[in-house]
Amino acid sequence: MTLIDHRDAQSLWQVWEKVIATYPDAIALHDPHAKPSIKLTYRDVGQQIKSFGAGLRSLGINAGDKVALIADNSPRWLIADQGILAIGAANATRSSQAERQELLFILENSDSSALVVENLATLQKLQPEITHLPIKVIILLSDETPPDGAWNFSQVLAQGPSQDLGNPAINLDTLATLIYTSGTSGNPKGVMLTHGNFLHQVQNATAVFVPQVGDRVVSILPTWHSFERTFEYYVFSQGVTQIYSSIRTIKKDLRDHQPQYMVAVPRLWESIYEGIQKQLRDQPAQKQRLVKFFLSISQHFIKAKRTVNGLDLNQLEPAIFEQAGALVRQTALWPLHQLGDRLVYSKIREATGGKLRFAITGGGSIAEYLEDFYEIIGIEILGGYGLTETSPVTHVRRPERNLRNADGQPLKYTETRIVDPETRQDLPLGKRGLILLRGPQIMKGYYKNPTSTTKAIDPAGWFDTGDLGWVTRWQDLIITGRAKDTIVLTNGENIEPQPIEDVCLYCPYVDQIVLVGQDQKQIGALIVPQFSALAAAGLIPDASNVPEAMTILNSEKMCQVYRNELQKYVQNRPGYSINDRIGPIRFVSEPFTIENGLLTQTYKIKRNVVFDRFATLIQEMYGS
C-alpha cells in the first residue's frame, strides 16, 4: 500500500473523492454501539455525503451559507459535516450536551440559516428562542418523526439522488467551519477555519506517521473539536477504519478492536494508568513487589536509553563519556527490562488491544510520570501542541525524535518565535518567553470579532498563543505554562501551575489537582483525592464511604501527609524553586467532570470555573 497524495486538493471533498476512488470497499466507519451496529465502506460514506449535501441544496442551502451542526460523535455527524462542506457551505459546531444558552448564542452569532441537530430532545432544548432566529431549515440527525416543516436524516438523504453538489467554487480560503471556544469567561468566540487550514494538516501529517488502508483507529474525543476532527480527516485521507467509542466503553473497545492508532488527551492516559494501578493494588503482595521491581529497573533503563540517544530533555547534549556510561547501563539493564516486558508489560499492552503503533496526545501537557510509564510498557506516545485557532496542530513529536516532556517539532511551513511577553522582542534560542506562530494552519480570524482578531494576529500574520515556552536548537518546542494561568505570589514570584500539577499527579493519593494562590504568600491546592489508594494504604477505612473519608482528610494531620507526599515529587522536578512548595490544601469530594461543568469537552480543567465554584473554600484556605 502507498501514500495517497492530496497535495493538489483545494477542498476536503476532493480528498474524499480520491480515497473513495482508491479504496471504495475499505471500511470507513464502524459504530459497534449503534443498534444495530453500523459499518460503512468508503463508497457508502461517499454516497451519503453527496446525498446529504445535495439534499441540503434541494432545501435551499447554498455555498456561503452557515449551518449549525449541534450533535455528537456518530457516523451521521461526519456525513453531515462533509455534506455541508462539499456544497461550499460552512458549519458552526458544538456538542448537543453544551449548555442551552451557549448553543443559542452560537446559533445567533453564527448567522446560521439551517440547523442540523442531534435529535428531537436537543431541538426541544432550544425552544422557544429558536423560533425567533432566521433558521429556515431544521434537520434531525435521528430518524425520529420531525416537527412540521423539519426533516430527519433519512428524508434529507432521499432528496439527494435527484440533485447534485452544485460544483461550488471552493478554494483554500473558503470558510469551512466555525468552532466556538469554550467561553470560560464571557461569550465564546467563533474560530474561522478554512479548507486550506484543514488541508495543511491532512497534507503534512504524513511527516509524523503514514497509516495503511484498513488500519484501525478508535475515536473517543468530541468529533466537532479541531483536535479529533483534524486527526479524523487525516486518517480518512489514507483509507483507515474509524471505530466509535466513549468514555464508558473505551477499555473494552481497545481490547475488542485492537486499534493501531488513537488520539486522546492526558486525562484519558491518566485514567488508563489509574486503572492499571488499581489492578496492581489488588494483587498479592509478592506480585506487587515483583512488578515494582521491574518498573524500577525499567525506569533506569529508559533514562539511560534517552541519554544514549540524546532524548533526555534535562541533558540534551550529553558529553561522550556520559553517553558511554549510559550505554553501559542500558546494555546491563536490557535483559531485565526484556524479562519485565515478557512477564508484565506485554499483559498491560493487551489491555489496549496489543496493536497500538502510535498514540497521539494533545490538548494539554502529559505528566512526566505518564510519559515514563507508557515508554516502559512499550506504548509509543507522540505528544503535540496546538490550539483551536491553529487547526490545531503546529508541533508534534516524531517517532524518530520522540523527546519526552517536549511538544515536538513544527509541521512543514510552520514558523515559531519566542518573544519577551512585554516588549515582543525576539529572545535568544533556549530562552523562555511568549510563543508566536505563523503558518498555513492559522485561523482566518474570529467571526464578526475584528477586535479580538487584531489582538490575536498581528499585521505580519503572527498569532499570539498566550502560551509560554522555549525552543531547542533541533526546533523542539517545550511548553512551560499558560501566560494567563501564571500565579503571581506576593513576593513577586511567577508560578506556572501546569508543570507542578503534572508531577503532583504522580502521587497515588491524588486524582485531580488545581493550584491556587494568586496574590498570596504561597501556592495552595484543591485536591480531588484518590480514595481507593488511600484505603489501600490504610489512611481511610473505606473507599466507598466518602463522607467519612472527607472528615478524616480535612484534619491537619492528613493535610500534612499530603504536603509531605507532594513535596517528594515537586522538589525532584527540573527547575524546582522553594516557591513551588505547596502550603494550604483543601479537598473536593466530587471529581471535576464535563457533566458538572469543571472540564471542557476535551477534558481540560476550566480553571476560572473551578476558582468561581470553590471561591469560599479558597478564601477559607487562606484564612480570609
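I looked up helix 11 (residues 285-309) and helix 13 (residues 368-377) in this predicted model. Their axes come within 10 Å and cross at roughly 95°. Angles of 65 to 115 degrees count as roughly perpendicular, so helix 11 is roughly perpendicular to helix 13.

Next I listed the contact residues. Helix 11 brings L295, S298, Q299, I302, K303 and R306. Helix 13 meets them with E368, E371, D372, F373, E375 and I376. I sorted the residues of this contact into four nonpolar, two polar and six charged.

Then I turned to helix 1 (residues 12-22) and helix 2 (residues 42-58). I found that their axes come within 9 Å and cross at roughly 145°. Helix 1 passes helix 2 in a left-handed crossing. W13, W16, V19 and I20 in helix 1 meet residues of helix 2, including Y42, V45 and I49.

I noted an open sheet of nine strands with mixed pairing, in the order 2-1-11-10-12-13-14-15-16. Which strands stand at the edges? They are strand 2 (38-41) and strand 16 (409-410). Each has a single partner strand, so one side of each is left without a neighbour in the sheet.

I checked one pair inside this order. Strand 10 (residues 216-219) and strand 12 (residues 261-264) pair in the parallel sense over two bridges. V217 has Y261 in strand 12 as its bridge partner. Helix 10 (residues 266-281) packs on the sheet and touches strand 12, strand 13 (358-361) and strand 14 (381-386). I noted that its direction makes about 110° with that of strand 12.

Notes:
Residues numbered from 1 in each chain as written. Predicted model: local features only at pLDDT ≥ 70, side-chain atom pairs only at ≥ 80, totals over all residues. Heavy atoms only, no water. Pairing = 2+ DSSP bridges. Helix = DSSP H or I, 4+ residues; strand = E, 2+ residues; numbered from the N terminus. Contact = heavy atoms within 4.5 Å. Axes fitted to C-alpha atoms, helices over the stretch in contact; angles between N-to-C directions. Parallel < 35°, antiparallel > 145°, perpendicular 65-115°, else oblique. Nonpolar A, V, L, I, M, F, W, Y, C, P; charged D, E, K, R; others polar. Left-handed = near helix turned anticlockwise from the far one by under 90°.
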